[in-house]
Amino acid sequence: MPKPWRGVAYLLDGLLTALATIVLLPVLALPAAAHAWAERHRRRAGLLLGVTVPDRPTPPAGRPWARWGRDLLWAVAHVATALPLGLAALTCLGNILTATVSLTLWWALPPAATPRLLGDIPVEGWTVALAPVQIVVLAAVAWLGGPPLARAHARLCLAVLSPSAAGRLTQRVEELTRTRAEALDAHAAELRRIERDLHDGVQAQLVAVALRLGVAGESLTGAPEGATRLVREAHEGVEQAMAGLRAVIRTAYPPILADRGLAGALTALAAGCGVPARVHIGELGAVPVAVETVAYFVVAEALTNAARHSRATSAEVRVERVGAMLSVRVTDDGIGGADEARGTGISGIRRRVLALDGTVQVTSPPGGPTTIAVEVPCGS
Amino acid sequence: MRVVIAEDNVLLSSGLELLLAAKGFEVVATVGDGPSFLAAVTAHRPDVTIVDVRLPPSFKDEGIRAALDARRLRPGLPVLVLSQYVEREYAKELLTDGRGGIGYLLKDRVSRVAEFTGALRRVAAGGTAMDPEVIAQLLVGPGRDPLSGLTPRELQVLALMAEGHDNTALADRLGITLNAVHKHIGAIFAKLGLSPSDSGHRRVQAVLTYLNHR
């Protein structure tokens, strides 16, 4: 369809939908229906204007009516503008049709059915000559006036329905929250893969090399001192590499977490801690690996602090799911006065937790007790 | 000495076979997962077994489970568990039946051929061989009951016992006489309340107490 006629078609569609809007008014009392109806027109307006129309933000939970008012406002504006514009377009097209019919058939029609042109002019005698004039004029009006009017209406539609600045921000925050959760999951999956690859690949190869160097060293009795020394140094070098690699893996993604899951890993941590520690683990549901890893390090760090600095005689670890958050709480009965500025322990906890958009609360009055409470969102 | 190996990584199992053959052990079977390990143990009745912690299908702690299953099937079956990393939890689980014949070492230790074969023979003879790193994990924090009654020297002796060293090795390492070692061990048994009539291996019981309370 040539472009100008798309404008006219848009206006005619507007006429029909404006009438439908009036008829459907009771249905628009449902926010979802009003939303769907408004969305149809946003897409249509976007299509006409050649712009992409991004989805509007979903209203915040608990406020399903936030968007509804705007949809209704649009419905009123739509009826008020699309109805007259659509009628004008229909008048143009209808009269072009009448004039065309008159021009071709006027001589054959009985006098009682004399067709009339725009302006209530009966087609008889010399007025037949007006028909082509009207066709040309009306076509020119539709051709030239239709597109700008249609575009104006489309812009009005988008303007009324475009999200507010606050709405756009809300949408952006939702997007970022979701993509961050995805990035975290991807990161954790990557850590797990690297741990597995190192375990099956590099670590195994190093063990195999060390093993052969060990056997070689044993069979080198009587060999020149230089050769024996080189083999021994190579052997020691490989052993250091294995120890280093093991330390790196332990701090990146503790193998016990991979083997036993969060509950098993925390129980092992508490059992290996310098102070007697009780562990309570509630129903956790699905916890992203990144969050599990952070929970593990928080507990490890807190228990280490308890054992090293607090002179505590007992500690308690409590991990539970509170809504969308994983809550980790480590309490010890030590002397308190934990100073974030002094050790790197608590600031390390804070860094890891903040990276996951979580919160850290340290309560450690002089004389104790010390409580480190961490909440981390479990993704989207 | 007849050995069954459960290790899915061919590089490592072939290395182990090479080493053990060179040292006069006879590897009667090398298997890649838990169920075939149990089958091989039943079929070959080995003198000692070597099990990797991570085995198929999930590559988590199947090796520990396989070792415990095998020892339920054949109580006291000597098992030396190898791993890329050691966890005291696993050590405790392995030792809980109190029967001895248990080793738990980092794979790194395999390349110290003499020490490794020594540990393997110790395990085969019903002793224990704990990785120094397991012991190191236990040495953090203050001691508590019932170990708090032990003197620093006795703790040292107990730690070396936990690693699996026999009395002669203990005397060598600490630079004391065999007699002194006997006295320390007697004191440790007494303080831990392990009488000679106790069922189970007294040395293992002492090590277990150590693992549980450190």
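## Exercises on a predicted two-chain model

B:Arg112 and A:Glu239 form a salt bridge, with their closest N and O atoms 2.5 Å apart. A salt bridge here is a side-chain nitrogen of Lys or Arg within 4 Å of a carboxyl oxygen of Asp or Glu. The model is predicted, so local features need pLDDT of at least 70 and side-chain atom pairs count only at pLDDT 80 or more, while totals for chains, interfaces and linings use all residues. Residues are numbered from 1 along each chain as its sequence is written, chains are lettered from A and ligands numbered from 1 in the order in which they are written, and side-chain values use heavy atoms, leaving out hydrogens and water.

**Exercise 1. Describe the interface of chain B and chain A.**

Step 1: start with the residues. Chain B gives 40 residues to the contact and chain A gives 34 residues, where contact means heavy atoms within 4.5 Å.

Step 2: look at the charges. Nine salt bridges cross this interface; over all chains, the structure holds 27.

**Exercise 2. Follow the salt bridges of A:Glu316.**

Step 1: find the partners. A:Glu316 meets A:Arg278 at 3.5 Å, N to O, and A:Arg318 at 3.7 Å.

Step 2: A:Glu316 is in strand 4 (residues 315-322) of chain A and A:Arg278 in strand 3 (residues 277-281), so their bridge ties together parts 38 residues apart in sequence. Strands (E, at least two residues) and helices (H or I, at least four) are DSSP runs, numbered from the N terminus.

Step 3: check accessibility. Buried means under 20% relative accessible area, exposed over 50%, and partly exposed in between (1.4 Å probe, protein chains only). A:Glu316 is partly exposed at 22%, A:Arg278 is partly exposed at 47%, and A:Arg318 is partly exposed at 31%.

**Exercise 3. Work out the network around B:Asp61.**

Step 1: B:Arg65 bridges to B:Asp61, with the closest N and O atoms 3.0 Å apart.

Step 2: B:Asp61 is buried at 2%, whereas B:Arg65 is partly exposed at 46%.

Step 3: through shared partners, A:Arg260, B:Asp61, B:Arg65 and B:Glu93 join into one network.

**Exercise 4. Locate the largest nonpolar core.**

Step 1: apply the rule. A nonpolar core is a set of buried Ala, Val, Leu, Ile, Met, Phe, Trp, Tyr and Cys residues joined through side-chain atoms within 4.5 Å.

Step 2: the largest core has 98 residues, and those with the most contacts inside it include A:Val374, B:Phe37 and B:Tyr104. Helix 8 (residues 289-309) of chain A supplies the largest share, 13 residues.

Step 3: zoom in on A:Val374. Beyond its neighbours within four places in sequence, A:Val374 touches residues including A:Val298, A:Leu326 and A:Ile349.

Step 4: another core, of 26 residues, lies apart from the largest one, with A:Trp37 and A:Ile96 among its members.

**Exercise 5. Classify the aromatic pair.**

Step 1: one pair turns up over all chains. Rings of Phe, Tyr and Trp (its six-membered ring) pair if their centres lie within 6.5 Å; planes under 30 degrees apart are stacked, over 60 edge-to-face, and the rest tilted.

Step 2: A:Tyr296 and A:Phe297 have ring centres 5.8 Å apart and planes at 85 degrees, so the pair is edge-to-face.

Step 3: A:Tyr296 is buried at 9%, and A:Phe297 is buried at 14%.

Notes
Buried area = accessible area lost by both parts, 1.4 Å probe.
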